[in-house]
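Here are my notes for your review, in numbered points. Please read them with the structure open.

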Amino acid sequence: MNASSGNDRPIGVFDSGVGGLTVVRALMERLPLESIVYFGDTARVPYGVKSVATIEHFTAQIVDFLLRREVKMLIVACNTMAAVALKTITARAGDIPVLDVIEAGARAAVDVSSGGRIGVIATPTTINSNAYARRIHALDPGARVYSQACPLFVPLVEEGWLDHPVTRLTAQEYLRPVLAEDVGSLVLGCTHYPLIKPLLREVAGEKVKLIDSAETTAELAADRLREAGLAASGLEPAAYRTFVTDVPLRFQTIGERFLGRSLGEVELVEW
């Protein structure tokens, strides 16, 4: 089968920066036969402080770039893009399946906490968009959602302070009001957060089910590929490519921490 027209076409994953590599890591583990093209808009991160029109414009550029690489599925690994630009993405994608981390996280939370109390932690932009609460309530109107913005987690993760006393104290402060609501599950609503999942599990306790946005997205991708008959044949080895719009000095180090393996060649895109 020709890779450009068949099931061996790659999955396109994109994010405003490096965080989406946790989704790529989960996809590599769950779907080892699938090729992946990752795009991180590192020159224009963060997206959270930009207008909706600007985010939609940037997102459209990235989607068009990935479509030119003949991807068979698009995965929105950026919570901000998923919250404000999903209509733009799906319109440009046409008949190509589009998945996003918010949908995957919301579905997983409802599956384990039907009609119950669900906590959501994310960046201030994602929390203020109310995107998780809307998706959860659309799936389960009886659910009660308790959201908490955690602005310090991203810089702490990028600093590599994954099990640092400062990170632990910060997590205890952030999670206290959510855990006080006796939630049954906690959605990690940012692609940086899986890197501190062991610490968050300690703070949240064993009774609270942690919903990892990267893992749930990989599971949803596996289901959708199977349903659409798009799973890779396995006749060709999986290939991985990484595109960025700027290569900061620390990108390689941070990227490999997120990916859990060597990043390989990072290709620069200039618009």
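**Notes on the predicted model**

1. Ile-36 counts as buried, at 2% relative accessibility. The model discussed here is predicted. Ile-36 sits in strand β2, which spans residues 36-40. Setting aside neighbours within four places in sequence, Ile-36 is in contact with Pro-10, Ile-11, Val-13, Val-24, Leu-27, Met-28, Ala-239, Tyr-240 and Arg-241. The C-alpha atom of Ile-36 is separated by 33 Å from that of Ser-114, and these two residues are 78 residues apart along the chain.

2. Strand β2 belongs to an open sheet of six strands. The order is β4-β3-β1-β2-β9-β10, and the pairing is parallel. Which strands stand at the edges? They are β4 (98-100) and β10 (266-268). Each has a single partner strand, so one side of each is left without a neighbour in the sheet. Neighbouring strands of this sheet are turned by 20° against each other on average, direction ignored.

3. Look next at the pairing of β2 with β9. Strand β9 covers residues 240-244 and pairs with β2 in the parallel sense, over five bridges. Phe-39 has Phe-243 in β9 as its bridge partner.

4. There is also an open sheet of four strands. Its order is β6-β5-β7-β8, with parallel pairing. The edges are held by β6 and β8 (209-212). Both have a single partner strand, so one side of each lacks a neighbour in the sheet.

5. Val-110 lies in helix α5. Is Val-110 buried or exposed? Val-110 counts as buried, because its relative accessibility is 11% and the cut-off for buried is under 20%. Beyond its neighbours within four places in sequence, Val-110 is in contact with Ile-118, Ile-136, Leu-139 and Asp-140. Val-110 and Gly-48 are 62 residues apart along the chain, and their C-alpha atoms are separated by 26 Å.

6. Strand β7 deserves a point of its own. β7 pairs with β5 in the parallel sense over four bridges. Here Val-120 has Val-187 of β7 as its bridge partner, and Ile-118 stands opposite Ser-185 in β7. Four bridges also join β7 to β8, and these two strands run parallel. In that pairing, Leu-188 has Asp-212 of β8 as its bridge partner.

7. How are the faces of β7 covered? In a regular strand the side chains alternate between the two faces of the sheet. In β7, Ser-185 and Val-187 are on one side, with Leu-186 and Leu-188 on the other. All of these are buried, and both faces of β7 are covered.

8. Helix α9 (residues 165-179) has 15 residues. From its first C-alpha to its last, α9 reaches 20 Å, close to the 21 Å expected at 1.5 Å a residue. Where does α9 kink? A kink of about 25° lies at Glu-173, shortly before the proline Pro-177.

9. An α-helix has 3.6 residues a turn, so residues three or four places apart point the same way.

10. Last, the cysteines. How many disulfides does the model contain? The count comes to zero. Cys-78 is in no disulfide, and the nearest cysteine sulfur, in Cys-190, is 8.9 Å away. Cys-78 is buried, with a relative accessible area of 5%.

Notes
Residues are numbered from 1 along each chain as its sequence is written. This is a predicted model: local features need pLDDT of at least 70, side-chain atom pairs count only at pLDDT 80 or more; totals for chains, interfaces and linings use all residues. Side-chain values use heavy atoms; hydrogens and water are left out. The expected span of a helix is 1.5 Å times one less than its number of residues. The bend at a residue is the angle between axes fitted to the seven residues ending there and the seven starting there. Two strands pair if DSSP finds at least two bridges between them. Buried means under 20% relative accessible area, exposed over 50%, partly exposed in between (1.4 Å probe, protein chains only). Contact means heavy atoms within 4.5 Å. A disulfide is a pair of cysteine sulfur atoms within 2.5 Å. Axes are lines fitted to C-alpha atoms, for helices over the stretch in contact, and angles run from 0 to 180 degrees between N-to-C directions.
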